[in-house]
Amino acid sequence: MIALPGIFIAAVVLPIGYLAWSFISVDTKSLLVIRNNLTRGVEAGQAAPAFGEKGMPEVARRFTPAGYTAKLDKLLARAGRPATMPLARLLVAKPLLALAGAAVGILMTAIQPGVRMVLLALFLTSLCYFIPDLLILSKAQERQKAIQLQLPDTLDQMLISVEAGLGFESAMARAGANGRGPMAEELVRTLQDMQMGRARRDSYQALADRSTVPELKGFVRAVVQADVYGIGIAKVLRTQARQMRVKRRQRAEEKAMKLPVLVLFPLLFFIFPTLFIIIMGPAAINMIEVFSQGGALGG
């Protein structure tokens with residue numbers, strides 16, 4: 001019985017400690033692999049395994065369903081593939097967090113047994129397992145909103161470049177180099193795919209697949225159709241840019257129309273009660289005092 005709390009504490013501390021160590025040491029491992037390859041030379045032919053190919057990432061990948069792994073990879077692509085959370089690290093972090101949540105749940109159940117504690121332990125384990133998914137989903141949604149806002153201005157820049165005599169890909173390169181934000185990063189990523197030998201149509205389709213913005217998907221379809229049927233790209237860009245500006249203005253008007261409804265609930269639950277207390281409070285106090293004095297005289 002004395003060793004039981006120590007076991008629970010170790011079950012919580014050790015996974016969290018290994019998780020923190022893996023987060024800190026991943027870049028060091030990659031740097032060591034690069035240095036070994038440079039010093040070893042090209043004749044060695046055997047490179048040391050990088051982080052994510054062996055060890056716990058490989059074990060986590062084997063125990064994670066392939067469909068779920070593909071879904072996580074797609075979610076990471078929409079989030080811009082954060083450098084601090086690659087897929088291999090994510091697959092390791094999820095079971096470790098779930099193990100830590102399960103250990104805490106077991107400790108709570110041991111302290112206070114009951115059905116509620118068992119259900120709470122299960123809920124805590126599930127929550128810890130899906131916390132990375134929620135964080136990445138939130139980052140992906142913020143990034144897609146930024147792409148939606150930056151898309152009209154990016155198309156205007158590309159249109160100016162095309163009308164000045166540049167080709168479409170050169171206009172994309174200029175917009176990606178001069179722009180800031182996720183939209184410029186996506187353009188640069190698309191150009192890098194083309195430079196690596198990927199077909200133009202496949203590169204454009206990959207750009208659409210990495211995003212959930214309907215306007216960007218429509219723009220990609222228009223560019224692909226223009227490439228297939230030989231339509232002037234300047235005309236396509238002009239039409240798409242005009243439509244994007246109209247849609248952005250419509251979204252702003254829609255948000256402005258929803259604002260009174262959103263303000264109504266804080267107004268009813270927080271502002272109006274305070275005003276009633278300030279206005280009616282003194283009158284209510286005076287009425288209480290009058291009635292109490294009247295009751296005392298009548299008695």
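Which residue's side chain is joined to that of Gln144 by a polar contact? The partner is Ser211, at a distance of 2.8 Å; a polar contact is a pair of N or O atoms within 3.5 Å, where, within protein, one must be able to donate a hydrogen and the other to accept it, and residues adjacent in sequence count only if both atoms are side-chain atoms. This is a predicted model, in which local features need pLDDT of at least 70 and side-chain atom pairs count only at pLDDT 80 or more, while totals for chains, interfaces and linings use all residues. Residues are numbered from 1 along each chain as its sequence is written, and side-chain values use heavy atoms, with hydrogens and water left out.

Gln144 is found in helix α5; helices here are DSSP runs (H or I, at least four residues) numbered from the N terminus. With a relative accessible area of 6%, Gln144 is buried, a word that means under 20% relative accessible area with a 1.4 Å probe, protein chains only. A polar atom of its side chain also lies 3.1 Å from the backbone nitrogen of Thr212. Leaving out residues up to four places away in sequence, Gln144 touches Arg78, Arg210, Ser211, Thr212 and Val213, contact being heavy atoms within 4.5 Å.

Helix α5 also holds Asp133, which counts as buried at 11% relative accessibility. Its side chain makes a polar contact of 2.4 Å with the side chain of Lys94. Beyond neighbours within four places in sequence, Asp133 is in contact with Tyr68, Leu72, Leu75 and Lys94.

The pairing of helices α4 and α5 can be considered next. The axes of α4 (residues 87-111) and α5 (residues 115-163) come within 8 Å and cross at roughly 160°; axes are lines fitted to C-alpha atoms over the stretch in contact, and angles run from 0 to 180 degrees between N-to-C directions. The two helices are therefore roughly antiparallel, the term for angles over 145 degrees. Among the residues making the contact are Lys94 and Leu97 of α4 and Leu124 and Asp133 of α5. By class, the contact has 17 nonpolar, 4 polar and 2 charged residues; Ala, Val, Leu, Ile, Met, Phe, Trp, Tyr, Cys and Pro count as nonpolar, Asp, Glu, Lys and Arg as charged, and the others, Gly among them, as polar.

Terms used:
Angles under 35 degrees count as roughly parallel, over 145 as roughly antiparallel, 65 to 115 as roughly perpendicular and the rest as oblique. Buried means under 20% relative accessible area, exposed over 50%, partly exposed in between (1.4 Å probe, protein chains only).
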